[in-house]
Amino acid sequence: MKALDELTFDNRFARLGDAFSTHVLPEPLDAPRLVVASDAAMALLDLDPAVAETPVFAELFGGHKLWAEAETRAMVYSGHQFGGYTPQLGDGRGLLLGEVYNQAGEHWDLHLKGAGMTPYSRMGDGRAVLRSSIREFLASEALHALGIPSSRALCVIGSDTPVWREKQERGAMVLRLAHSHIRFGHFEYFYYTKKPEQQAELAEHVLNLHYPECREQPEPYLAMFREIVERNAEMIAKWQAYGFCHGVMNTDNMSILGITFDFGPFAFLDDFDAHFICNHSDHEGRYSFSNQVPIGQWNLSALAQALTPFISVDALKEALGLYLPLYQAHYLDLMRRRLGLTTAEDDDQPLVERLLKLMQNSGVDYTLFFRRLGDESAALAVARLRDDFVDLAGFDAWAEQYKARVARDGDYSEEQRRERMHAVNPLYILRNYLAQNAIAAAESGDNSEVRRLHEVLSKPFEEQAGMEQYAQRPPDWGKHLEISCSS
Ligand code: AMP
Ligand code: MG
């Protein structure tokens, strides 16, 4: 275990120099105080969780203090936003404080979001409000606990700093951890500004630090792009299997590591709805739940375009062609497991599709359906779940097929079935209304609800005594919350 002043820095991105980022100091928050910290994330830095409660912790992550070895940098990037190219974006309110490596030799970027104005702030104030910081914190840690690759969050620091959105709110900072903060948009920036030398330097940096195994391949850059395609296909398969809607899949929000990144108006599905749009500014549904799959490919094509100086167009096209089949394979594998199946049959895909259609038409809770399906034998479970469906004949037909499929799958006890299914079907997910309740309490100075929700979500597959209220469908007021994009 380390004390706060014992972190070991090695600021590799900062060393790339001023073409890639600008040195900026954080603007401190007034009266910084800890809202919540993640013990699991603290462990990634070998930090003793108790240090989160010390005043110096809030000073460090509230922008008041810096380690001598920190080199605070705002990164430059660009990106395609809602399909259109924006020539210059960048860390408008976030700073890379530095890169730390832990005792296991893993590097972690420390990125402070809400740290004040930078040369890339455009019209913004450089700040983040408490509610959006809490949402990012809860989501990063909850996704990780579900087994979905994501950036992590160390803590949220609250303050008295006034920040103006639709109304006056309070500023906060969230400390994000990731092995890299490089986005698709970093490559697009150097490609469209026609800076081939820096672009090559960036590509070398990513290859050496994050895809070293690709060095051994005959075409290292191509191997790296293929790996990025594969990771994205797997990440998006997990989003779809668990009902996560990102909301702003702009290429500047897509990580080069294939992790879920930059949380805005995201949501987990309550009722299953393939057409669900969680971002209220997304009038055309570009980033609707089911569109996330083709958008994943669209974003990878935008990255491929930026890589044309290094890789032939034919090779890029071939690599892009891997995306959909890989996505489908990962998705089907997960959905089979969610249904409790251990073998594969050709008709599993239509079995899943028919179930989702029935759930869609009846507004069935996506998470609880799968959890309850594993509570008992297939026959007993479908008999109990039947009441949730409007089209009873349709559900009965599906249930007969499902029971027959389960019978062919293998001979295992109810106990084995429950154990296997509960290990992939969470009981607790970050429902918008739960986040909303925790935020309302935190805004009035009570952080206990954020902390409890974080705890519950850190073990989503384990039934936790006294936590039944976190495993319920939303009340009516919580079903279609409008989450503001002004974060
Ligand atoms: P986002 O939609 O959060 O991914 O942000 C898109 C771009 O706007 C990024 O370059 C952000 O850094 C920038 N940005 C978002 N909010 C603010 C803000 N309050 N102040 C300055 N820049 C911001
Ligand atoms: Mg962003």
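Are Y327 and Y331 buried or exposed? I looked this one up before anything else in my notes.

Housekeeping: I'm working on a predicted model, where local features need pLDDT of at least 70, side-chain atom pairs count only at pLDDT 80 or more, and totals for chains, interfaces and linings use all residues. Residues are numbered from 1 along each chain as written, chains are lettered from A and ligands numbered from 1 in the order written, and side-chain values use heavy atoms, with hydrogens and water left out.

Back to the tyrosines: Y327 is buried and Y331 is too (buried is under 20% relative accessible area, exposed over 50%, partly exposed in between; 1.4 Å probe, protein chains only).

Then I went through the rings. I got 26 aromatic pairs (Phe, Tyr and Trp rings, the six-membered one for Trp, with centres within 6.5 Å; stacked is under 30 degrees between planes, edge-to-face over 60, tilted the rest). Y191 and Y192 make an edge-to-face pair, because their planes sit at 80°, with centres 4.7 Å apart. Y191 is partly exposed at 21% relative accessible area, and Y192 is partly exposed at 33%. Y327 and Y331, on the other hand, are stacked, with 5.7 Å between centres and 15° between planes. Both are in helix 9 (residues 323–338), four residues apart, so about one helical turn separates them (helices are DSSP runs of H or I, at least four residues, numbered from the N terminus).

I also noted one aromatic cluster, with F272, F289, Y366, F369, F370, F389, F395, W398 and Y402 in it.

Last, charges over rings (NZ of Lys or CZ of Arg within 6 Å of the ring centre and within 35 degrees of the ring normal). I found R176 over the face of F261, 4.5 Å from the ring centre, and R286 over the face of W298 at 4.6 Å.

How values were computed. Helix = DSSP H or I, 4+ residues; strand = E, 2+ residues; numbered from the N terminus.
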